[in-house]
Amino acid sequence: MGATSSFEGATPVKSKIWTLRLRQAIDRHLPMDHLLPDRQPYYVGSWVYVFGVITIAALVWVIVSGVVLSFMGPQWWHDSSLGRFFNSLHFWSVQLFFIFMVLHLWGQYFMAGWRHGRAATWMIGVVIFGISILTAFTGYLSQQNFDAQFIAINAKDAMNSGGIGAFFNVLNFGQMYGLHVMLLPIGVTFLVVVHIVMVRSRGVVKPIDPEGGAGS
Amino acid sequence: MKPMGATQEQYYRGVRMVPYDLVKELALALVGIGALVLLLSLFLSSPDVAPVTIADWAKSDPVDLVTTATEELAGSTTTAGYGQPYNSTPDAAQTWGPIAPQAWFGVRIPVDAADAFVLQPLQRASYSNTELGAALTTWHTAAADQQTGWLDAYTKALPDATVTDGKVSVASGDYGPLPVMMSNLLGIAQSGGLDGLLVINGRFYQTDYTQPLLFMGDGGYLGGLAEKANLTGSLWGMMNETGMYPGQTWLWLYTMWYQVFPFNSDTGFIGLNAGNADLGIVILMTILTIGLALVPLIPVLRDMPRWIPIHRLIWREYYAPSKGSARTT
């Protein structure tokens, strides 16, 4: 059914106003009671459901600490104890982000969370996982310390062998730093928002039916 | 169980719904993770081992630096014979049958190892050094055979070199201008000058460390430090971090392949071996990543969650006999 004008009363007539059509499409596909529901099926009671939320919480701390580090510049955390502290916040929140993201991934696998029209949600989750690895990798390359040097020298062979190194030069600090603080975090954050909207628009998947199979 | 209908209302029809506070859950997670991150940061800090400079290398292991520079001139280092994207050394790029992405994109980051790491820095330093200028003139005007003869002789003499006050000495021999060139390069390196000369780009600002990292990678000093820090590939390489800190542990599967057949073998299997392990593992990991994304479409993989009863632990309440009446209808 197409979007209808609010002035048309009960008669559904497709509106020519794009703004109205967008608003109505959002209302139809993601009403607020789906985006922020106050009730869930009774079987949503396992800790496994919390892994996704904890991953988001860790991502928030990754971004907050990362914004401070990027604002102060790449030398700051080597030269000041406060900078080193913020780097530690960034380091540990990244570690926790990955731990809970992997737990979330395994949890969703054993719940077959892709069932009933949720395959795209799973696929975007895997893409987020991949881009997160790339983001962390460029972060390790941007550290400007011994680890960054050694990782760059070793990683170049894998990148070059796949032809990627011709465009993604791990020995080029400027390129890696730019990708790490700007493009890749925007990509991760955008896809996480899309992932959450997809989860909320369809709701959590039902338990696996013993007779119906995981793919049912 | 029916596939999802047009709305959540249809999907959950007949399912008992209970109060659930998502916002409170997120707030608690933010506080909990924030507190945990704070504690870990306060008590464990984070790794930051100072980077190695070429000056460090030149002072700590001058023979290694001079040997590496000599090999750069001889064209026998990893970088000198690397192939794409740095140079066009024939048959150097990793291939697997007709698959050769390294060669496909050509020389996009040109690096002439002898010129970039040795001759150009010396040329820049020779303006106020007549002895070095004369040595470079001798080098450039010599025939290729003559240069090769000097390099061979000097390379053979270097393993027995002695170091006095940071200067490298070899036994007497016919090395042409090489001793003068190398002693000057070592002096420039020890003063920190080579660190700057290898990133010079004709502009004021620079952020590209391709040349100094390639040069240091060709030597043995940085690799030796990495081995002491348990960072080398045979010890799972890039997923490690200096000290006792966790590194990129999420790369465990990628680094694991380097430890197993055929990627750790000289003979290998179906054309995959240690020589093209990077390419083979990149292809394998690409396939596995695509496979992970497509799990919902792959029979067996998508059915395994039903066969493995972990879901019965996750949804204990749903599968409990006493709750049977609360199941979906």
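Me: What covers the buried residues of helix 2 of chain B?
Reply: This is a predicted model. In it, the cover over the buried residues of helix 2 of chain B includes helix 3 and helix 5 (81-110) of chain A.

Me: Which residues of that helix are buried?
Reply: In helix 2 of chain B, the buried residues are B:Ala29, B:Ile33, B:Val37 and B:Ser41.

Me: How far does helix 2 of chain B reach from its first C-alpha to its last?
Reply: Helix 2 of chain B reaches 32 Å with its 23 residues, close to the 33 Å expected at 1.5 Å a residue.

Me: And what follows it?
Reply: B:Ser45 follows helix 2 of chain B, and its phi is positive, near 55°.

Me: Back to the two chains. How many residues does each give to the contact?
Reply: Chain A gives 85 residues and chain B gives 83 residues. On the side of chain B that touches chain A, helix 2 (residues 22-44) gives the most, with 12 residues.

Me: How does that side of chain B divide into nonpolar, polar and charged?
Reply: The side of chain B that touches chain A has 53 nonpolar, 18 polar and 12 charged residues.

Me: Which strands pair between the chains?
Reply: Strand 1 (residues 39-41) of chain A pairs with strand 1 (residues 17-19) of chain B, in the antiparallel sense and over 3 bridges. In strand 1 of chain B, B:Val18 is the bridge partner of A:Gln40.

Me: New topic: helix 11 of chain B. Buried or exposed?
Reply: Buried: 9 of the 9 residues of helix 11 (residues 210-218) of chain B are, so this helix is largely enclosed by the rest of the structure. Among them are B:Pro212, B:Leu214 and B:Phe215.

Me: What do they pack against?
Reply: From chain A, there is helix 7 (146-161). From chain B, there are helix 3 (54-60), helix 4 (62-74), helix 6 (113-125), helix 10 (193-197) and helix 12 (221-228).

Me: What about chain B overall, what is its radius of gyration?
Reply: Chain B has 30 Å, whereas a compact globule of 329 residues would have a radius of gyration near 20 Å. The C-alpha trace of chain B spans about 95 × 50 × 40 Å along its principal axes. Of its 329 residues, 29% count as buried.

Me: How many helices and strands is that?
Reply: Chain B has 17 helices and 3 strands.

Me: Where are the cis peptide bonds in chain B?
Reply: One runs from B:Gln84 to B:Pro85, with omega near 5°. B:Pro85 is in the loop between helix 4 and helix 5 (101-104) of chain B. Another runs from B:Phe261 to B:Pro262, with omega near 0°. B:Pro262 is in the loop between helix 13 (252-257) and helix 14 (277-293) of chain B.

Me: What is phi of B:Ile270?
Reply: It is near 40°, a positive value in a residue other than glycine. B:Ile270 is in the loop between helix 13 and helix 14 of chain B.

Me: Why does B:Ile270 count as exposed?
Reply: Because B:Ile270 has 9 C-beta neighbours inside 10 Å, and a residue with 12 or fewer is exposed.

Me: Last one, chain A. Which domains is it divided into?
Reply: Chain A has domain 1 (47-100) and domain 2 (112-206). Their C-alpha centres lie 16 Å apart. In the contact, 8 residues of domain 1 of chain A meet 7 residues of domain 2 of chain A.

Terms used
Residues numbered from 1 in each chain as written. Chains lettered and ligands numbered in written order. Predicted model: local features only at pLDDT ≥ 70, side-chain atom pairs only at ≥ 80, totals over all residues. Contact = placed C-beta atoms within 7 Å. Helix = DSSP H or I, 4+ residues; strand = E, 2+ residues; numbered from the N terminus. Nonpolar A, V, L, I, M, F, W, Y, C, P; charged D, E, K, R; others polar. Pairing = 2+ DSSP bridges. Rg over C-alpha atoms; globule rule 2.2 N^0.38 Å. Buried ≥ 20, exposed ≤ 12 C-beta atoms within 10 Å, placed from the backbone. Domains from an automatic or database assignment. Expected span 1.5 Å × (residues − 1).
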